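Work through the exercises below with the sequence and the 3D view side by side. Each task is followed by a solution in steps.

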Amino acid sequence: MSLLNILPPWWQQHSQQTYVTIQEAEGEKLPLTESEWTSSQLQKTRSWYRRPQMYMFILICLLITENIFLFTKSLSLRGNEAFPVFPLEASMTLKNMSYEHGVTKESNALWEDMVPGHTGWVQFNHPERLGLAPGFPSNDSSKPHDNVYIVTWAHQHHCLKVIRRAFWELVYKGNESPLYGADAFGHQRPTASKASFQATVPHLMHCFDYLRQTVACQADMTVEPVDPTLDEIDIDGYHVMHQCKSKSHVAKWLVDHAPPRKYKPYFEDQEPFTTNNMLYSPGMKP
């Protein structure tokens with residue numbers, strides 16, 4: 001049953017009246033009946049569907065929607081347990097010769113104590129609820145749903161320690177070092193120990209690429225001026241103020257989320273790096 005059939009007669013008569021545009025009222029076009037006007041509008045709508053601008057408009061809307069969704073998701077993750085937001089503090093870079101020294105008990109202790117907690121390893125219960133991909137299964141059998149991860153700062157520090165160890169080993173041991181005689185593509189010399197070489201050179205090559213990418217990711221854009229303490233005009237990066245994550249807040253977060261101390265770290269070089277397990281002895285000269 002048509003809607004018109006249940007309306008009063010005066011309304012039916014009114015609904016069947018013709019529609020006239022402004023141009024038609026001025027005599028440019030003849031009046032259209034209701035069915036003719038509807039048909040003309042349908043034809044216009046169909047012609048719009050065929051226009052490439054319409055598909056471009058839909059694509060742009062989809063892209064905007066996707067970006068809004070991803071941005072909202074990233075905001076929801078930031079600030080949760082696994083994606084902390086730390087306050088910033090001003091920190092000046094200062095020269096510290098103790099970190100430049102070779103393998104000594106004092107310099108080793110400094111390098112070993114740089115990363116708080118369990119050398120940068122952190123543990124989370126049911127990490128999927130925090131938006132994390134799987135990590136290492138926890139060594140703690142009482143926490144089967146825990147996974148263990150390392151933070152990027154600790155991984156960077158690990159790579160620096162690997163490079164430092166290999167450098168001083170080459171300085172002190174010369175042709176006994178796994179680096180001695182290796183080519184630019186990481187191939188070892190015939191007389192080198194395979195186990196020692198595999199543990200050193202490919203690892204170093206990985207560290208160079210890893211540090212390249214993670215340092216670029218942080219992209220510290222602090223403008224470095226000439227160091228006024230130098231005798232010559234030069235830029236060495238010291239005596240420059242940077243905006244850094246609060247050391248105390250970072251340390252507390254790492255300690256709060258560290259795996260139990262009774263479990264060994266997952267990187268071998270995170271074990272104490274002392275004169276007992278290295279090649280240096282007091283009085284030894286490069």
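Contact here means heavy atoms within 4.5 Å. The model is a predicted one.

**Exercise 1.** Describe the setting of Gln123: where is it found, and is it buried or exposed?

Solution.
- Step 1. Locate the residue: Gln123 belongs to strand β2, which covers residues 121-125.
- Step 2. Read its accessibility. The relative accessible area of Gln123 is 11%; buried means under 20%, so Gln123 is buried.
- Step 3. List the partners, leaving aside neighbours within four places in sequence. Gln123 is in contact with Ser138, Lys143, Asp146, Asn147, Val148, His257, Pro259 and Pro260.
- Step 4. Look for a polar contact: the side chains of Gln123 and Asp146 make one, at 2.8 Å.

**Exercise 2.** Find how many disulfides the structure has, and work out which parts of the chain are tied together.

Solution.
- Step 1. A search of the whole structure gives 1 disulfide.
- Step 2. Its partners are Cys159 and Cys207, with sulfur atoms 2.2 Å apart.
- Step 3. Cys159 sits in helix α8 (residues 152-173) and Cys207 in helix α9 (residues 194-218), so the pair ties together parts 48 residues apart in sequence.
- Step 4. The torsion about the S-S bond is about -80°, and therefore the disulfide is left-handed.
- Step 5. Cys159 and Cys207 are both buried.

**Exercise 3.** Classify Cys217 and Cys244 by accessibility.

Solution.
- Step 1. Cys217 has a relative accessible area of 60%. Exposed means over 50%, so Cys217 is exposed.
- Step 2. Cys244 has a relative accessible area of 27%, so Cys244 is partly exposed.

Technical notes:
Residues numbered from 1 in each chain as written. Predicted model: local features only at pLDDT ≥ 70, side-chain atom pairs only at ≥ 80, totals over all residues. Heavy atoms only, no water. Helix = DSSP H or I, 4+ residues; strand = E, 2+ residues; numbered from the N terminus. Buried < 20%, exposed > 50% of the residue type's maximum accessible area, 1.4 Å probe, protein only. Polar contact = N/O pair within 3.5 Å; in protein donor to acceptor, adjacent residues only side chain to side chain. Disulfide = S-S within 2.5 Å.
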